[in-house]
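Please keep the structure open alongside the text while going through the points.

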Amino acid sequence: MAKPLRAALAAALLMCLCGAAAADERESTRLTYLAGTCNACHGSSITIPALAGRPAPETAAALRAWRDGSRVNPIMNAVAGGLDDDAIDGLADLFAHAEPIAGEARP
Amino acid sequence: MNLDRRRLLKVAGGAGAGLLAAPTLLRAQIRPKVVIVGGGPAGATVALTLAQAHPDAFEITLVEENELYTTCFGSNMYLAGLRDFESLRHSYSGLADFGIEVIHERALLANRSEKVITLISRTRLDYDRLVVAPGVDLLYEQVPGYNPQAAKLMPHAWKAGPQTRLLRQQLDAVKDGEAVVIVAPPDPYKCPPGPYERASMMAHALKSSGRGGARIVILDAKEKFSKQALFMEGWQALYPGMIEWLPPSVHGGIELVDPVTKTVATDLDLFTGTLVNIIPAQRAGVTAREWDLADPETGWCPVDPETMRSALDEAVFVIGDAAAAGDMPKSAFSANSQARVAAMAIAADLLGAPRIEPFLFNTCWSRIGAEDAVKVGGRYMPKEGKITSVASFVSAPGEDAAVRRRAVGESDDWYRSIVAEMFGPGAA
Ligand SMILES: Cc1cc2nc3c(=O)[nH]c(=O)nc-3n(C[C@H](O)[C@H](O)[C@H](O)COP(=O)(O)OP(=O)(O)OC[C@H]3O[C@@H](n4cnc5c(N)ncnc54)[C@H](O)[C@@H]3O)c2cc1C
């Protein structure tokens, strides 16, 4: 993320406003809870890569590679195997716009 | 979504915040009540998840008898001197920021037909949904001669706190050449790899302090155990000759333990240790059993695998170690995952939120050496009325040292993450 933080946050805010209005409630609820599963390990990252602020295409591509097995990481292969395309794209988007947790390693 | 709404409030301020706050006040009078008994990874996570995912929508009360929660997870590393005791202890005070009321008392009685529980001070709490997450109880009497009094001489340290410290003191007092005896429990119990991680961490403590001549004997109630090949390989490599594991087919069964002489009598032989660590069989915490939420036969609480709802009461959810959660092991990670599933179901019941298929996951890291951790885990789904494993993984024997070192870092990250999921972002 080369953008200055303030600009990035403002952009994120705008996207969330539009996104939230458009998103179907079921999907947004589902994503909120799925993101909790991610946070159970990625919530405070030093070794495990941080997700907040990571560009959505990058996260989505990684999750797809883990799901189809072209990238190997036993934990992530097992997690991603349970995600459909909407979940992958939705989570990638959600984390791209999430505030990084203080003190956490940047992706 | 919570993340976005919080940020919106923070950044928008002024008019925007006022607009959003007004309906909150109106709603306050009719907010549905969720009462949670037990503030471990199961109970604390369900409280925080509901508060964060549905801000101000519920009146949430968490009843937990202890003011500080001491994690069992990480406690073996405290034995090894790789963590200090204070790092295992966490306060609930951050939950107030999320509007969660925490009452530090023991919940005693439940009147489930009237949906009310009574605390030890006679305080009555009524609920729309009750979450019961009391963890496990230890079945002392299943080890002949063992009881809560004997545990002051032969600690179990399977509930973290004073017992954990006692075990560490006794370990510190073991001299080179002396013996340690661990009695390991039958399935199911909390943290399947826990006793073997404990043996590893005890060996690390002994060996790294010039007591490599000490011996650890594990008298097991099982013929095999979690991550067995990995532990055995690690013990051979890191602590050769220090740890001996004996299954019941070899020792023939525990006949009696004597806390005064610190002796364990088995069919095969007498085992005497400077330190004897007895981990008894387990079942759901007494609160769940007294409230008739457990199957008297198994001692665990049957639940609907889609929602973690008690099979015996629509208004009650049982999560974490106390639940009969099918293929899921009893771990803090599982408890956290189940908490999220229960939270979704509670929001669906009380707010009309959409019902969503559960996503259940677990990973248990175990430390074999200071720089060597292994992991086992998997994903689970409801199938034929039971939580069923649908994907699983386990570390491979002979793995690269770098992979094992990295797993140590992963488990440290997980510890901080799970603690933040329980007590709020400030806690990690
Ligand atoms: C040595 C050891 C190592 C472990 N390592 C790991 C690990 O690395 N990873 C992992 O995932 N898991 C690990 N675990 C397992 C983990 O600690 C448990 O699975 C987890 O704590 C279960 O959470 P819970 O919320 O169901 O129960 P608990 O954590 O036992 O919490 C229950 C809480 O309920 C409270 N309570 C009970 N009854 C009442 C009542 N009537 N009124 C008020 N309060 C009440 C208790 O005080 C307690 O705080 C380990 C366990 C041990 C023993």
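Chain B of this predicted model is divided into domain 1, which comprises residues 11–135 together with 285–355, and domain 2, which covers residues 140–280. The centres of domain 1 and domain 2 of chain B, taken over C-alpha atoms, are separated by 33 Å, and the contact between them takes 16 residues from domain 1 and 20 residues from domain 2.

**Annotated span**

- An unreviewed UniProt entry lists residues 33–153 of chain B under "domain: FAD/NAD(P)-binding", an annotation that may be inferred rather than shown by experiment.

**Parallel sheet**

- An open sheet of chain B is formed by 4 strands in the order β13-β12-β11-β17, and the pairing in this sheet is parallel.
- Its edge strands are β13 (243–246) and β17 (275–278) of chain B, each of which pairs on one side only, and neighbouring strands of the sheet are turned against each other by 15 degrees on average, direction ignored.
- Strand β12 of chain B, which spans residues 215–220, is joined to β13(B) by 4 bridges, with the two strands running parallel; V217(B) has E244(B) in β13(B) as its bridge partner.

- When neighbours within four places in sequence are left aside, G213(B) is in contact with D176(B) and G177(B).
- T263(B) is 50 residues away from G213(B) along the chain, and the C-alpha atoms of these two residues are separated by 20 Å.

**Nonpolar cores**

- The largest nonpolar core has 110 residues, of which I100(B), I117(B), L130(B), V318(B), I319(B) and W414(B) touch the most other members.
- Helix α10 of chain B, made up of residues 332–351, gives the most to this core, contributing 11 residues.
- Not counting residues up to four places away in sequence, V318(B) touches V132(B), L293(B), C301(B), V303(B), M308(B), S310(B) and A323(B).
- Another core, of 51 residues, lies apart from the largest one, and its members include L138(B), L206(B), L230(B) and F271(B).

- Strand β23 of chain B, covering residues 372–383, is mostly covered, with 9 of its 12 residues buried.
- On the β22 side, 9 bridges join strand β22 of chain B (residues 360–369) to β23(B), and these strands run antiparallel; R367(B) stands opposite A373(B) in β23(B), and a hairpin connects β22(B) to β23(B) through 2 residues.
- On the β24 side, 8 bridges join β23(B) to strand β24 of chain B (residues 386–394), again with an antiparallel run, and M381(B) has T388(B) in β24(B) as its bridge partner.
- The hairpin of β23(B) and β24(B) has 2 residues between its strands, and in this hairpin E384(B) takes a positive phi near 45 degrees.

How values were computed: Residues are numbered from 1 along each chain as its sequence is written. Chains are lettered from A and ligands numbered from 1 in the order in which they are written. This is a predicted model: local features need pLDDT of at least 70, side-chain atom pairs count only at pLDDT 80 or more; totals for chains, interfaces and linings use all residues. Side-chain values use heavy atoms; hydrogens and water are left out. Two strands pair if DSSP finds at least two bridges between them. Axes are lines fitted to C-alpha atoms, for helices over the stretch in contact, and angles run from 0 to 180 degrees between N-to-C directions. A nonpolar core is a set of buried Ala, Val, Leu, Ile, Met, Phe, Trp, Tyr and Cys residues joined through side-chain atoms within 4.5 Å. Buried means under 20% relative accessible area, exposed over 50%, partly exposed in between (1.4 Å probe, protein chains only). Contact means heavy atoms within 4.5 Å. Domain bounds come from an automatic or database domain assignment.
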